[in-house]
Amino acid sequence: KNQHSLMSRTAAEEKDKPTPVDAIIVSHIFWPALQKEPLKHHPRVQAQLDQFSQEYAKLKNPRRLVWLNQLGTVQLELDVIEQGLDGVPVIETKEFSCSPLLATLISHFEDKEEWTSEELSNETGIPEHIIQSRMNYWINNRVIKATDAGDDTMSYELGSREYWLTAEADPYGVAAMDEDGSEGAVSAGAQEEEEMEAYESYICGMLTTFGQLPVDQIHNKLKTFVAGSDHKYNKTVRQLGVFLQHLCKQERLECGPDGMYKLVKKY
């Protein structure tokens, strides 16, 4: 739109550089509730959005922008280890086009080099099991290395040159190649959250019937119960375990020392 160009010129005049933000502005009536999910941007990203909003408010007063934080595309440049023509790994600057969530996640590694999935969940407001799924993108692109921190929590660290040059540094052995960072018109994690809500209803139903079950039995029963429904069940036992722990943190389920899950009793 014309006001975008005008805002870019205004920002350039005030800051001596073009604004890094562009936006498509539409009426709120075009956006379904499914896409209005919470995402706390990294402060540096949020500062750029705030600057854009301020310029818009000056030009279009009294109108104000309400950002749909999960939507959009972010262009990033990162140094990664790639295989050279002679077979020797080399450091190259690579451009990434990814979702705002992926950009926010990797931005936190500028502040410190190591984070747990629980810490990133707290920083972004996104459930931990979705954080673990999305971080596969940066693992598969040889930016982040992951280790199991126990209790269904992952630890993530920027991969050093020495790490990626070692023979055992194989990101594909850690992360499944199922995350390409492309969210399209649907916000990040929206579809997955909808599926998980459906799984939760099945889980509550089976725990109501059987009382308590271990994760492997819940996994097997979900494969049976969900088949033929509007949702597919293709999670691993580990991914299911992360989701069950998420439900425990929300006090919907509880897990005993024997690893048996059951519904939280409400008095």
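Good morning. I begin with a sheet: three strands form an open arrangement in the order S3-S5-S4, with antiparallel pairing. Strands here are DSSP runs of E of at least two residues, and helices are runs of H or I of at least four, both numbered from the N terminus. Two strands count as paired if DSSP finds at least two bridges between them. Strands S3 (114–116) and S4 (144–150) each have a single partner strand and stand at the edges, so one side of each lacks a neighbour in the sheet. On average, neighbouring strands are turned by 25° against each other, direction ignored. Angles run from 0 to 180 degrees between N-to-C directions, and the axes are lines fitted to C-alpha atoms, for helices over the stretch in contact.

A word on provenance. This is a predicted model, in which local features need pLDDT of at least 70 and side-chain atom pairs count only at pLDDT 80 or more, whereas totals for chains, interfaces and linings use all residues. Residues are numbered from 1 along each chain as its sequence is written, and side-chain values use heavy atoms, with hydrogens and water left out.

Returning to the strands, S4 is joined to S5 (residues 153–158) by 6 bridges in the antiparallel sense. Within that pairing, Thr147 has Ser155 as its bridge partner in S5. The two strands form a hairpin with 2 residues between them, and Asp151 in the turn has a positive phi of about 55°. S3 and S5 are also antiparallel, over 3 bridges, and there Glu114 has Glu157 in S5 as its bridge partner. Helix H4 (residues 117–124) lies across S3 and S5, at about 85° to S3.

I turn next to helix H5. H5 has 13 residues and reaches 19 Å from its first C-alpha to its last, close to the 18 Å expected at 1.5 Å a residue; that expected span is 1.5 Å times one less than the number of residues. Is this helix buried or exposed? Of the 13 residues of H5, 13 are buried, so the helix is largely enclosed by the rest of the structure. Buried means under 20% relative accessible area, exposed over 50%, and partly exposed in between, with a 1.4 Å probe and protein chains only. Just after H5, Arg142 takes a positive phi of about 60°.

Gln132 is located in H5 (residues 128–140) and counts as buried at 10% relative accessibility. What does Gln132 touch? Leaving aside residues up to four places away in sequence, Gln132 touches Ser117, Asp152, Thr153, Met154, Tyr156 and Val242, where contact means heavy atoms within 4.5 Å. The side chains of Gln132 and Ser117 are joined by a polar contact of 3.3 Å.

Finally, the aromatic rings. Rings of Phe, Tyr and Trp (its six-membered ring) pair if their centres lie within 6.5 Å; planes under 30 degrees apart are stacked, over 60 edge-to-face, and the rest tilted. By this rule there are 4 aromatic pairs. Phe96 and Tyr137 have ring centres 6.3 Å apart and planes at 75°, so this pair is edge-to-face. Because Phe96 lies in strand S2 (residues 89–98) and Tyr137 in helix H5, the pair ties together parts 41 residues apart in sequence. Phe96 and Tyr137 are both buried. The rings of Tyr137 and Trp138, with centres 4.9 Å apart and planes at 80°, are likewise edge-to-face. Trp138 is buried, its relative accessible area being 0%.

Key. Polar contact = N/O pair within 3.5 Å; in protein donor to acceptor, adjacent residues only side chain to side chain.
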